[in-house]
Amino acid sequence: MAVHYQEKTIADFIFQLRTEGKLTYSELEKLTGVSIPTIHKIESGVTKHPEYKTVKAFANAFPIFYEEIIRAYVEQEDGIETLFEILREIVSSAKNLTLAPVVAVRILQSPQNKTEQSLQRLYEFTETIDIDSVKVSLYQVIVQYSRDHGVPIFVAKGLFQKYLIERTDLAKMKEAFREGEEILHYIDFLSLEERVSYYYKMSLLAYTLKEYPKCIQLGHSGHEEDTTNSMLKERVALAICNSLWQLADYTALEEHITLYEKLNYQIIIDRLKMFRAMILARTDRHMESLPLLWECLDEVEGVHRLPRLNLLLEVLLLTKDHDSIKKLINSNEECFFPIENATPYQYSEVGKYFRFKGKFMIGKGLVTQAIEAYLASVEYFGKIGSHTDIVELSHDIFSALCFMKNQINLELLEKAKMVYNGIIAEKGEV
């Protein structure tokens, strides 16, 4: 049955579905469970706004047009309880989810409650939803409606909750961070707990994105307001120290290490030797740093070895200690690397490792193995959308291919094509 219609009233839908489907009133009654007199009243306009259960019966009888029928009904409905009933059904069934923001807007437009009351109730309802995509769409409705009606507290709360969800999507970290920065304009409307959480999570995301000055600034803002003790607080302290190291601000790094040691941040205390080794390594005292770096590597197990392994490899490459590098690469370290469900930081560290491995292989003249390592590095940096690293690795791969001249391995080229196509498909860009 091909039914063509415009979105009008429920009466219009019933008339078109019945006449174009060549259904008798009796057949329509059997199909929907709605009595003939009721159908007559709706179609003739006597009943201008039927009960929701009646409309739902028609929508269920014509599932192809379910969304259009419910949408038409919602656009004429002002009853806030009925609208919430519809929204609950949409979410619980996980079907026709594009209707959710439409219903949410009508809830906020309902004259039965004040704007702030409706926003609060919709916000509380959204918190209970398990489907992240629906939550994001509803928080977006809350943010936009609050902006349009001058309710900044719900602009702040909606943006914050939306950010908490989107920051976990590895493919959208940069976008989430940029949108998260908007929350700074509304920060005073968040509770103390929300503000501290915001500063900390933004600081850690900034570090992952190599926005080191912002990591430090946001982390300091969180520490200034947070009077509690927590592992998250200490993790931010570690991110601040690592950012200072990346910025080569070793004086400030020494000051922060000393401060956090006095504050008894165990995560820093456990890494004091590592930080001393890091500073030595980056101030051209490579030979002094090596004994400490070897000790630091042996102090931890599993995935926790990876950042220490990378720094050690970096120094060993600078000192041209190829025997030690070969020993590390052949030591089965790679079996401890996180392959799935890792943090962005861990994926970044795995990417670094394979790049170091590629550089070592090139130095030994093992071009094929070098390119394979570089491609592994590209894959991991691709998981977190680290475009700068991917571009740099592309140069490494091209240089390696030049070494091969007329001995280029076609199978290797095909693998390279697959890796880069995979990144493009996942991220939509390179």
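This is a predicted model: local features need pLDDT of at least 70, side-chain atom pairs count only at pLDDT 80 or more; totals for chains, interfaces and linings use all residues.
1. Asp284 is exposed, with a relative accessible area of 64% (exposed means over 50%, buried under 20% and partly exposed in between, with a 1.4 Å probe and protein chains only). The residue sits in the loop between helix 17 and helix 18 (286–298); helices are DSSP runs of H or I with at least four residues, numbered from the N terminus.

2. Residues are numbered from 1 along each chain as its sequence is written, and side-chain values use heavy atoms, with hydrogens and water left out.

3. Lys22 also has a positive phi, of about 55°, although it is not a glycine. Lys22 belongs to the loop between helix 1 (10–20) and helix 2 (25–32), and its relative accessible area of 75% makes it exposed.

4. Ser386 is a loop residue of another kind: it is placed between helix 22 (367–383) and helix 23, and at 13% relative accessibility it counts as buried. Leaving aside neighbours within four places in sequence, Ser386 is in contact with Lys210 and Phe381, where contact means heavy atoms within 4.5 Å.

5. The largest pocket has a volume of about 1600 Å³. A pocket here is an open set of points on a 1 Å grid over the protein atoms alone, where a 1.4 Å probe fits, with protein on both sides within 12 Å along at least five of seven lines; lining residues have an atom within 4 Å of a point. The volume is the space filled by probe spheres set on the points, which are joined across faces, edges and corners. Of the 50 lining residues, Tyr207, Pro307, Tyr345, Glu349 and Lys352 are the closest to the centre.

6. Elements that give two or more residues to this lining are helix 12 (192–208), helix 14 (231–246), helix 17 (272–282), helix 19 (306–318), helix 21 (344–363) and helix 23 (387–404). Helix 21 gives the most, with 11 residues. By class, the lining has 25 nonpolar, 11 polar and 14 charged residues (Ala, Val, Leu, Ile, Met, Phe, Trp, Tyr, Cys and Pro count as nonpolar, Asp, Glu, Lys and Arg as charged, and the others, Gly among them, as polar).

7. The count of aromatic pairs is 14; rings of Phe, Tyr and Trp (its six-membered ring) pair if their centres lie within 6.5 Å, with planes under 30 degrees apart counted as stacked, over 60 as edge-to-face and the rest as tilted. The ring centres of Tyr123 and Phe154 are 6.0 Å apart and the planes are at 65°, so this pair is edge-to-face. Tyr123 is in helix 8 (residues 115–127) and Phe154 in helix 10 (residues 152–166), so the pair ties together parts 31 residues apart in sequence. Tyr123 is buried at 4% relative accessibility, and Phe154 is buried at 4%.

8. Tyr353 and Phe354 are also edge-to-face, because their ring centres are 5.2 Å apart and their planes are at 75°. Both residues are buried.

9. The disulfide count is 0, a disulfide being a pair of cysteine sulfur atoms within 2.5 Å. The sulfur of Cys215 has its closest cysteine sulfur in Cys241, 9.8 Å away and too far for a bond. Cys215 is buried at 0% relative accessibility, and Cys241 is buried with a relative accessible area of 0%.
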